[in-house]
Amino acid sequence: MIIDSVAPAIKRQRFTTVDPMDLESAKAKLAAAKEKFGCEIRVFETASASSAPPEVSSNVSEEPEDFYEFTSEDYYRLLGTKKEEKHLKTKKIREAEEAARRARITKAVIRVRFPDNYILEATFHPSEKIQSLLDLLMKVIAHPELPFYIYTTPPKKQIKDVSQDFYSAGFIPGAVVYFSYDLPKGDDGAAASGSYLQEEVLSLQGLDSMIEKVEPGEPSRDESPARNPPASVEDQKPAADKKKIKPKWLKL
């Protein structure tokens with residue numbers, strides 16, 4: 001039916017209500033930010049207003065104690081796996097497999113969550129150092145003169161070894177880290193009074209979403225709904241018009 005072929009086109013046209021001038025402006029801003037800061041960045045705000053990292057709910061059902069017991073079956077299964085890996089894979093093979101796994105990962109998407117509920121997302125290469133993330137934060141935060149640190153949770157663990165690359169640190173294909181000023185209690189009033197990110201960076205919020213909603217579903221002007229080809233004249237002839245052949249065994 002023709003209705004089925006037209007419906008997808010109508011659905012896609014719902015996303016083309018963005019002003020083309022606004023769309024080009026959004027692309028220009030994101031491109032300028034990438035050139036200025038050295039990597040692709042996105043800014044968005046989470047739904048909850050909590051500044052503390054999410055904690056495990058107390059309503060989660062706990063497993064019985066025997067669930068965590070290490071049985072003899074577990075021991076022999078683990079021992080057999082270790083022996084197989086030790087005897088069947090040489091060091092050269094293991095290194096080749098590790099290199100192959102590393103080559104398949106081409107980017108590390110790092111999200112930095114700030115206490116004011118904003119999130120900065122940056123895309124790095126897995127071979128880049130964590131120091132490159134700190135360098136980026138120095139360019140985008142509102143108070144780069146104040147000491148700060150980043151950490152992961154749970155449990156809360158400050159990231160101190162910034163000489164590691166993202167792959168070695170386990171931050172692939174992505175990770176979430178948290179930002180905090182390294183100030184004594186009572187001295188962080190000036191830092192907490194305003195936004196953690198610069199206004200220029202905050203202005204990027206929502207631009208990438210606008211582009212993603214328009215471009216993938218934007219129909220072409222030359223696109224026309226597909227129509228079923230008209231039936232041929234031979235197909236339209238009823239079966240009754242065909243010449244009737246009498247069987248030889250029929251005698252009238």
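**Stop 1: a side-chain pair**

Select E121 and R111: their side chains are joined by a polar contact of 2.6 Å (a pair of N or O atoms within 3.5 Å; within protein, one must be able to donate a hydrogen and the other to accept it, and residues adjacent in sequence count only if both atoms are side-chain atoms). This is a predicted model, in which local features need pLDDT of at least 70 and side-chain atom pairs count only at pLDDT 80 or more, while totals for chains, interfaces and linings use all residues. Residues are numbered from 1 along each chain as its sequence is written, and side-chain values use heavy atoms, with hydrogens and water left out.

Stay on E121, which lies in strand β3 (residues 118-124); strands are DSSP runs of E, at least two residues, numbered from the N terminus. Is E121 buried or exposed? Its relative accessibility is 7%, so E121 counts as buried (under 20% relative accessible area, 1.4 Å probe, protein chains only). Leaving aside residues up to four places away in sequence, E121 touches E40, I41, R42, F44, V109, I110 and R111 (heavy atoms within 4.5 Å).

**Stop 2: strand β6**

Next select residues 174-181, strand β6. Six of its eight residues are buried, so the rest of the structure largely encloses this strand.

Y151 has Y178 as its bridge partner in β6.

Definitions and conventions. Buried means under 20% relative accessible area, exposed over 50%, partly exposed in between (1.4 Å probe, protein chains only). Helices (H or I, at least four residues) and strands (E, at least two) are DSSP runs, numbered from the N terminus. Two strands pair if DSSP finds at least two bridges between them.
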